[in-house]
Amino acid sequence: MRTARRELSNGGVVVSFDGEVALDAATNEALREELTQLGNGYERIVVDFTNVTFLDSSALGAFVGLLRRLNQKGGALRLAALRPGVRMVFEVTRLDRVFATAATVAEAEASLNEP
Amino acid sequence: MPQAIMSAILLQSGLTPKSHDRRGRSAAAGAAEETMAAEQRHFDGGVEQIGRVRGWFGERLGQAGVESADIDAVLLALTEAYTNVLRHAYEGKLPAPLDVELEIAPDAVFVALRDQGKAFQPTGVTEPEPEELAEGGYGLFLIASLMDEVSYAPADPAGTVLRMKKLRATARR
């Protein structure tokens, strides 16, 4: 699992996955490491899900961890461009109530500047 | 097996079994012409194998024309179930023998996972409270929510058989 970061002028960051990736137990350790680093380094984060083909409960837990971290810091997290199968995981667990999502990365970036 | 006879009688008399009827595995196989024969595969690796099982399921479900939302649900339930087997039945130890079975009927998808590890029988599934921002505890809830029937039974001589049934969109309408 490789990721790319693009820093924004407002101090935020957009993180995307290089190539299609399934976020399950096999990639969970790497995902948690990456999200921990991001949570320590930034307050405003957009995660680009364009290349995420699959997401299970272990990955969901990792993103909840990042959200908690950013909430503590008064930061913001936006999840962008979720595929239907990935969106389903957030909907069934009702975590779509606590995560802010956007249809596109551009929309997510724009919403990061809102108070 | 009485269930098999019941299905056969219903089909012969032109009656369609109600979608919520409990159908045994052998009843589903051969009960309708469109039913794909149950396919079994054996695995004994760790988490890195879950993607392979998903690939197999995804291909078969797609070939059978299962609706994509139903495929997503089955692949997630399968992944959660396999992960639970590795974590709880085998406690992370390898090899982790697992027989996986997939059967695609016109009205439902049947999945079975048979492990040989520590017995696992969840007593109840609680719905996580989203505002609590729990970092775990979603797996069993997802399986219960996504699938229409879920049962855990002790396997012989050891382990657990998990059976799951997902009604297809066509059967829910």
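**Exercise 1. How many of the eight residues of strand 3 of chain B are buried?**

*Solution.* The model is predicted: local features need pLDDT of at least 70, side-chain atom pairs count only at pLDDT 80 or more, and totals for chains, interfaces and linings use all residues. Residues are numbered from 1 along each chain as its sequence is written, while chains are lettered from A and ligands numbered from 1 in the order in which they are written.

Step 1. Helices (H or I, at least four residues) and strands (E, at least two) are DSSP runs, numbered from the N terminus. A residue is buried if 20 or more other C-beta atoms lie within 10 Å of its own, exposed if 12 or fewer, and partly exposed in between, with C-beta atoms placed from the backbone.

Step 2. Apply them. In strand 3 (residues 108-115) of chain B, seven of the eight residues are buried, so this strand is largely enclosed by the rest of the structure.

**Exercise 2. Determine the order of the strands in the open sheet of chain B, and describe how strand 3 of chain B is joined to strand 2 and to strand 5.**

*Solution.* Step 1. State the criterion: two strands pair if DSSP finds at least two bridges between them.

Step 1. Read the order. Five strands of chain B form an open sheet in the order 1-2-3-5-4, with antiparallel pairing. Strand 1 (39-43) and strand 4 of chain B are the edge strands, each pairing on one side only. On average, neighbouring strands of this sheet are turned by 15° against each other, direction ignored.

Step 2. Examine the pairs.
- Strands 2 and 3 of chain B run antiparallel and are joined by seven bridges. They form a hairpin with three residues between them, and Ile104(B) has Val109(B) in strand 3 as its bridge partner.
- Strands 3 and 5 of chain B are also antiparallel, with seven bridges; here Phe110(B) is partnered by Lys165(B) of strand 5.
- Strands 4 and 5 of chain B, again antiparallel, are joined by six bridges, and Val161(B) in strand 5 is the bridge partner of Ala153(B).

Step 3. Helix 3 (residues 50-63) of chain B lies across strands 1, 2 and 3 of chain B and runs at about 15° to strand 2. For this angle, axes are lines fitted to C-alpha atoms, for helices over the stretch in contact, and angles run from 0 to 180 degrees between N-to-C directions.

**Exercise 3. Locate two cis peptide bonds in chain B.**

*Solution.* Step 1. The bond from Leu94(B) to Pro95(B) is cis, with omega near 0°. Pro95(B) lies in the loop between helix 4 (68-89) and strand 2 (98-104) of chain B.

Step 1. Asp156(B) and Pro157(B) are likewise joined by a cis peptide bond, with omega about 5°. Pro157(B) is placed in the loop between strand 4 (149-154) and strand 5 (160-167) of chain B.

**Exercise 4. Is Arg94(A) buried or partly exposed, and is Glu91(B) buried or exposed?**

*Solution.* Step 1. Arg94(A), a residue other than glycine, has a positive phi near 65°. Arg94(A) lies in the loop between helix 3 (84-92) and strand 7 (100-102) of chain A. Because Arg94(A) has 13 C-beta neighbours inside 10 Å, this residue counts as partly exposed.

Step 1. Glu91(B) also has a positive phi, near 50°, and lies in the loop between helix 4 and strand 2 of chain B. With 10 C-beta neighbours inside 10 Å, Glu91(B) counts as exposed.

**Exercise 5. Describe the fold of chain A and its contact with chain B.**

*Solution.* Step 1. Chain A has four helices and seven strands, in the sequence pattern β-β-β-α-β-β-α-β-α-β-α. Its radius of gyration (taken over C-alpha atoms) is 13 Å, close to the 13 Å that the globule rule (2.2 Å times the number of residues to the power 0.38) gives for 115 residues, so chain A is as compact as a globular protein of that length. Buried residues make up 40% of the 115 residues in chain A.

Step 1. Two residues are in contact if their C-beta atoms, placed from the backbone, lie within 7 Å. The contact takes 24 residues from chain A and 24 residues from chain B. On the side of chain A that touches chain B, helix 2 (57-73) and helix 3 of chain A are the elements that give two or more residues. Helix 2 of chain A gives the most, with eight residues.
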